[in-house]
Amino acid sequence: MKVLQATGLHYAYGDKTLFTNLALTITPNQRIGLIGLNGVGKSTLLKILAGRITPEDGTITTAKGYRINYLPQTPTFPAGADVLTAAFAGAADDFQMVRDYEKALRAYEKAPADKEAAKAYYAANDLMDRHNLWTIEADVKSILTQLAIPDMTVPVASLSGGQQKRVALAQALISPADLLLLDEPTNHLDYQTVDWLEKRLLAYPGGILFVTHDRYFLDHVATDIAALRNGTLQMYKGNYRDYVAQRSVQEEREAAATHKQHQLYKQELAWMQAGAQARTTKQKARIERFKSLSQTIDSTPGATGQVTMASNAHRLGKEVFHLDHASLTVGGHPILRDFSWRVGNTGRIGVTGINGAGKTTFLNVLAGRQKLDGGVVQVGETVRLAYYTQLMPPIPEDKRVIEYITDTASSQTINGETVSASQMLERFLFPPAMHGLRISRLSGGEKRRLYLLKLLMGGPNVLLLDEPTNDLDIETLTILEDYLDNFPGAVVTVSHDRYFLDKVCDSMLWFAGNGRITSFTSSVDDFLHRLVQESHDDAAASHAAAQPATPAPAATTEKKKLTYAEQIEYDKLTDQIDAWEQKQAELEKAMVTDAADYNKVADLQQQYTALQAKLQPAMKRWEYLADFAED
């Protein structure tokens, strides 16, 4: 069994120690979800295991020939590479063997009598067999198509950041590895693609270590949870739901132990304040125990992310947003078509849907940053808006964390209590030791968390959130969800995070593209299942409409045999299905025979899929008719 064993790993960033004496074992078929606050070193740990950076101490042991594929959070590609070449960069040796085989094949076909050409061809053919590379190019094209990258000839540098991340994901998935390392693999993926990725990872033959904030994804994929906190790695068996249950029990025990420590601390403090003289050995021991208790209590970690929050939002009128017959087209793509919609002062609206349908543009309309082509958008007079954008505005890197927050407000009033900026920072998981740090020393995720807190410190009564879950860790998301649960104003959020949407929102807008918008109140998964069912029903209805019309039986007569027209249809369908199945068998044989010609195999596969699409409804109709034909 091929295993990766990491022991004694130590890594520091400047004077900040990320982890020390860290140990981790990854076995085949183990799918470990790595979670923790932004800035604790999750991405760094993946880079160390991938061999991209070297730990300051510790060892990583693997079997000979152990192969690791790695998806970084921000991928890079060879200069000038097109999509297909960039995708193959993760399997450069395999790609080269395929190209060598194609070159040897062309040379052999031109001169089959040439001994050197024949020798090179058979050697290349043997390599293709041994490394099982006959379908690799077809596989990567299939993966790229599934990831919504249909044009594989364009330069990868011309793609958006989200598209480049998908190319990098294809790069990591092309060839099997003993260990797959994935850093935020679901970012920029739509629901259908996330579902496809889940199924692919569940069938992956090697071990997987992945970082994600998507809790449904964690729940569906993970066999283990690794929580990185306070420089140590704690392992929990099971998926995210199991982790939450185990962590809850653990925190109850820690809270009970902390309570006992505080009681002892109070007793010791009373004794010290009474002015006891440390004359005896017993008294000296108590003084030492007091010091030890003080240090223990000061360093005891609190609960992660379970903080009750409520905003000092300004009073909000009954109506927040009102769109009346709104129309908007951007770049030739309709975003809104005669759309009317209202939001009240307690609305919790989620905005989701397919990529590129105009969800962010819709938020820009509400924020007054995008004008409509037609119709009206009205914003309530008492609205005090905070807009959390995907692209964070410039942040002063030389400013200290506490200064950045106090520039907005030095305190907030929460449930009648004045809470200082320092206390707010602690509630958003910035301990006192970080308050004086320059912002330049924060990680990207920590900067996003700080930016979010700055917006909330302004006391808004309406929040617009554009993909808030993309760069925030699970602990911060838990705090944000709790904050929104107690927030007295309205919230409109764009997200693809099903867990976040289901937990926060009470109604949803689905952007399907081309200006089509559907409202629903069910869970996202239920709505998606309904969409799939409706798609199947539409396909069945279209097929039925295309079938020859058959007389309907009398309402009072039970159908016992085929009508004359149905008998003709049944005979034709029998012959047609036989012909299609024979054609499929021929295509299967051809795909085996022409396995070396990838373009031809792809064409044959398309023919096979098209036949299958015809066969499925035809078989259903034939089975229905066959019941009566047999009678």
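## Salt bridges, a buried strand and a charged patch

Glu-446 and Lys-16 meet in a salt bridge, with their closest N and O atoms 3.4 Å apart. The two partners come from distant parts of the chain, 430 residues apart: Glu-446 sits in helix H14 (residues 444-457) and Lys-16 in strand E2 (residues 16-26). A salt bridge here is a side-chain nitrogen of Lys or Arg within 4 Å of a carboxyl oxygen of Asp or Glu. Helices (H or I, at least four residues) and strands (E, at least two) are DSSP runs, numbered from the N terminus.

Before going on, please note that this is a predicted model, in which local features need pLDDT of at least 70 and side-chain atom pairs count only at pLDDT 80 or more, while totals for chains, interfaces and linings use all residues. Residues are numbered from 1 along each chain as its sequence is written, and side-chain values use heavy atoms, leaving out hydrogens and water.

The structure holds 14 salt bridges, and the table shows some of them.

| Pair | N to O distance | Relative accessibility |
|---|---|---|
| Glu-446 and Lys-16 | 3.4 Å | Glu-446 4%, Lys-16 30% |
| Arg-130 and Asp-126 | 3.1 Å | Arg-130 59%, Asp-126 37% |
| Asp-224 and Lys-237 | 3.1 Å | Asp-224 4%, Lys-237 59% |

To read the last column, take buried as under 20% relative accessible area, exposed as over 50%, and partly exposed as in between (1.4 Å probe, protein chains only). Asp-224 therefore counts as buried at 4%, whereas Lys-237 is exposed at 59%. Arg-130 and Asp-126 both belong to helix H4 (residues 115-130), four residues apart, or about one turn of the helix.

Now for a strand. Is E18 (residues 490-494) enclosed or open? Five of its five residues are buried, so strand E18 is largely enclosed by the rest of the structure. Ala-490, Val-492 and Val-494 cover one side, with Val-491 and Thr-493 on the other. Strands pair if DSSP finds at least two bridges between them. E18 runs parallel to strand E12 (residues 348-353), joined by four bridges, with Val-492 as the partner of Ile-349. Strand E17 (residues 462-466) also pairs with E18 in the parallel sense, over five bridges, and there Leu-465 partners Thr-493.

Asp-571, Asp-575, Asp-578 and Glu-581 form a negative patch. Glu-581 lies in helix H18 (residues 564-593) and is partly exposed, with a relative accessible area of 40%. Patch residues have over 30% relative accessible area and no salt bridge, and like charges are joined within 9 Å.

Technical notes:
Patch = residues over 30% accessible without salt bridge, like charges linked within 9 Å, V, L, I, M, F, W, Y side chains within 5 Å. Areas by Shrake-Rupley, 256 points an atom, 1.4 Å probe, with all protein chains shown as cover. Lys, Arg positive; Asp, Glu negative; His and termini not counted. Charge placed at Lys NZ, Arg CZ, Asp CG, Glu CD.
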